[in-house]
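Work through the exercises below with the sequence and the 3D view at hand. Try each task before reading its solution.

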Amino acid sequence: MKHAMPSGGHLVDASVNARAWNHIAVQDSTGDDAGAVPERIEWTCWPGRGPGAEFIGDPAGLRVAELGCGTGEHIAYAAAHGARLAVGVDIAEQRIAQARARFGHLPALVWRVGDAAQELAELPRLDVCFSIYGALWYADPAQLLPVIHNRLRPGGLLAFSVNGPRPGELPGRRVDNLTLTSGTRLPVVHYSYDADAWRGLLDEHGFAPPEVLPVKGPAGSPYRTFVIRAHRIGD
């Protein structure tokens, strides 16, 4: 199952999303000061629902990257728990500025601004790559998964969370709008697939059969999140 885009299409998506998230960062004061490292990794937007840091295991001594790190709290968790290298990648320069302000005091942290596929290609081999409503939600997985496979060591772990399709939503590339506090609406691009499609994509791009955890929202919410992990196969 191929999900090809025109050449450079993923960079168009990245540019659209960077504009939106830079504007969001400007109106969001979170991260102005040094932050406390969270006690757990939250994989969903509903605190306490779904797995915690155990989903990626102990990061001590490992090379870890987060794709779409936002203001940095989750990659900071990896750094604070002994990661040999912890890399936070985000398309939005203002988000990385906030991350640096919050967690720049931690050792082993490296920040990179840019398209996830391009930045990832320049990193050393990784033990763990993860994304929480990040690049695997906002970038074409058919473009990104081959790069992740290439950068992970054999047996390395990919873990990520994405929203499941909304009722009646068609799979694939979608364009929504974020509304700023000013009332301005900015487009954002995301990619929506059901659990079977994610299994197919991961299989196609060299990953072992994944563990897919569907996490439901609070009572009455029509939304759910898929929390997924899979190991790289191949030499």
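**The sheet and its helices**

Seen as a whole, 7 strands make up an open sheet with mixed pairing, in the order E3-E2-E1-E4-E5-E9-E8; strands (E, at least two residues) and helices (H or I, at least four residues) are DSSP runs numbered from the N terminus, and two strands pair if DSSP finds at least two bridges between them. The model is predicted, so local features need pLDDT of at least 70 and side-chain atom pairs count only at pLDDT 80 or more, while totals for chains, interfaces and linings use all residues. Residues are numbered from 1 along each chain as its sequence is written, and side-chain values use heavy atoms, with hydrogens and water left out.

**Exercise 1.** Which strands does helix H2 touch?

*Solution.* Helix H2 (residues 73–80) packs on the sheet and touches E1, E2, E3 and strand E4 (126–132), contact meaning heavy atoms within 4.5 Å. The direction of H2 makes about 175° with that of E1.

**Exercise 2.** Classify the aromatic pair of Trp43 and Phe55, and say where the two residues lie.

*Solution.* Rings of Phe, Tyr and Trp (its six-membered ring) pair if their centres lie within 6.5 Å, with planes under 30 degrees apart counted as stacked, over 60 as edge-to-face and the rest as tilted. By this rule the count comes to 5 aromatic pairs. The pair of Trp43 and Phe55 is edge-to-face, at 5.4 Å centre to centre and 65° between the planes. Both Trp43 and Phe55 lie in the loop between helix H1 (9–27) and strand E1 (63–67), so the pair ties together parts that are 12 residues apart in sequence. Trp43 is buried, with a relative accessible area of 0% (buried means under 20%, exposed over 50%, partly exposed in between, with a 1.4 Å probe and protein chains only), and Phe55 is also buried, at 3%. Finally, Trp43, Phe55 and Phe130 form one aromatic cluster.

Definitions and conventions
Axes fitted to C-alpha atoms, helices over the stretch in contact; angles between N-to-C directions.
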